[in-house]
Amino acid sequence: MEVPATVPPRRSFLRRILMGILFTVLSLLLLLVVIAAFFNKQVSQQLVAEINKNLKTELRVGDASLSLLSSFPAASINLSQVRLKDALGGQLLVAEELSFRFDFLSLFGDDLKIHSFQLRDGAIRIMVNRAGKSNTDILKEDNSKKPAAESTLRLALEKAELKNVAVLYDNIPTRQTAEMLVNQASAGGNFSAQQFRLSSQANIKIYRLDSDSSRYLSGVDLFYDAILAVDLKRGAYALQNADLTLGGNTFKVEGIAVAKPEGTDLNFKLVSQDGDISMISNLLPGAYHEYFKVFQSSGNYTCSGTIKGRLSKTETPAIGFDVALRDGKVTSEKLQSPLRNVSFNARYNARPDGSGEFELANFKGDFGGQPLSMSLKVNQLEDPIVDFRANGVLPLDAAYGLFDNELITAGDGLLRINSLTLQGRYADMTSMRRISQVNAAGEIQFDNAALTYNKVPLLAETGLLRLEDNQFQLDSF
């Protein structure tokens, strides 16, 4: 009788394979740990020293470590508690971590080929002082005749990334400051080439953007996704395909920036792809922005803009925007009833000399079933000169929120407006002491007009207020 050959159980065979895989993985991890420990101090110190060779100032770090696991199969050098001095004696960069990634195999070669870096949890402060000197002038000029082969560090950057980095900008000659938080931003391309395509995306929160004494874009979110054609020899950066979203308005952007010794020449055009009249509030400074930012619209909306001119330590480009709405509806928490059948044209210009103007023209709409038309022109935005004109009917049950006073909680009746004009400085309009300097004309008729102020109802059943040559005449009130 023949004895059948024994066949190893299938479970035993799988166990051996799994144990083999586990052993291989553990051996690889152990090998990486040993290699990292061997090269750690040598490579980390080499990187910091090589960076400082090219700086007029100094890069300091609290700790530097080599990791072969966190970004495997690439290796990374992680610098913590980073401090980079600027050219004016302050700090240009402060960060919790700055990481550089490079090819693992270059550890065993003659040089390190760094292909990307990431800056995380930090702040960058850029400033231009009264003399026009920038604190970013920290790189040494490359006058060395030493062959490049003598350097053991080679930059072949393909990606740069920022995460949770505050950016502060202060330009004293142009009286411009900015404060923003880069939640995330990345740029990818062959940075070591003279000509390459750069892909970049960003998510940024703008806390403030100040020009002269006016504040813009406070609390606005900015997103972009762009592809640029970069020509380093010409210093040219051409936008080929860019989408920019600013405060809920999305634009297609095209144009070019050319870097020159005296500054950067900009020529860009923006065309709206999606958005509403909240863009108008983004163009307006300070208190105007806060008042109008809660207005939204639907309808046939168009918006286009241009940025053209030189950006330098002492110059800014001209900025212009045109906004239009046709057959639209305007809603807001300040309106108890929407404006319907709205049409208007709006224009904004900011000039290189710091002056600017805003104009809202041919505004027409139905408010609570009543017709309303008006225009507004504001010159010298830093010290506004206002020219306001209105005709139509204001139904107070729908419009009492426009007074922007929390003590006014209800309204009723009508204010009939006939050829009302207000002309003068905005500062004079808001001061009882200087109100006489404002030119006012027109008529306001009360038709059972009522407001509830501090829980007390106030009623004007009839009456006519005439304004002429700054004289107020009240009839039948």
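**Pairing around strand 15**

Ile-319 lies opposite Ala-350, a residue of strand 16. The model is predicted, with local features requiring pLDDT of at least 70, side-chain atom pairs counting only at pLDDT 80 or more, and totals for chains, interfaces and linings using all residues. Residues are numbered from 1 along each chain as its sequence is written, and side-chain values use heavy atoms, with hydrogens and water left out.

Strands here are DSSP runs of E with at least two residues, numbered from the N terminus, and two of them pair if DSSP finds at least two bridges between them. Strand 15 and strand 16 (residues 339–350) run antiparallel and are joined by 9 bridges. A hairpin is formed by strand 15 and strand 16, with 6 residues between them.

Strand 15 (residues 318–332) is also joined to strand 14 (residues 295–311), by 13 bridges in an antiparallel arrangement. Within this pairing, Phe-295 has Ser-332 of strand 15 as its bridge partner, while Cys-303 is partnered by Val-323, likewise in strand 15. Strand 14 and strand 15 make a hairpin too, and 6 residues lie between them.

Strand 14 in turn pairs with strand 13 (residues 263–274): these two run antiparallel, and 8 bridges join them. Here Leu-266 is found opposite Gly-309 of strand 14.

Technical notes:
Helix = DSSP H or I, 4+ residues; strand = E, 2+ residues; numbered from the N terminus.
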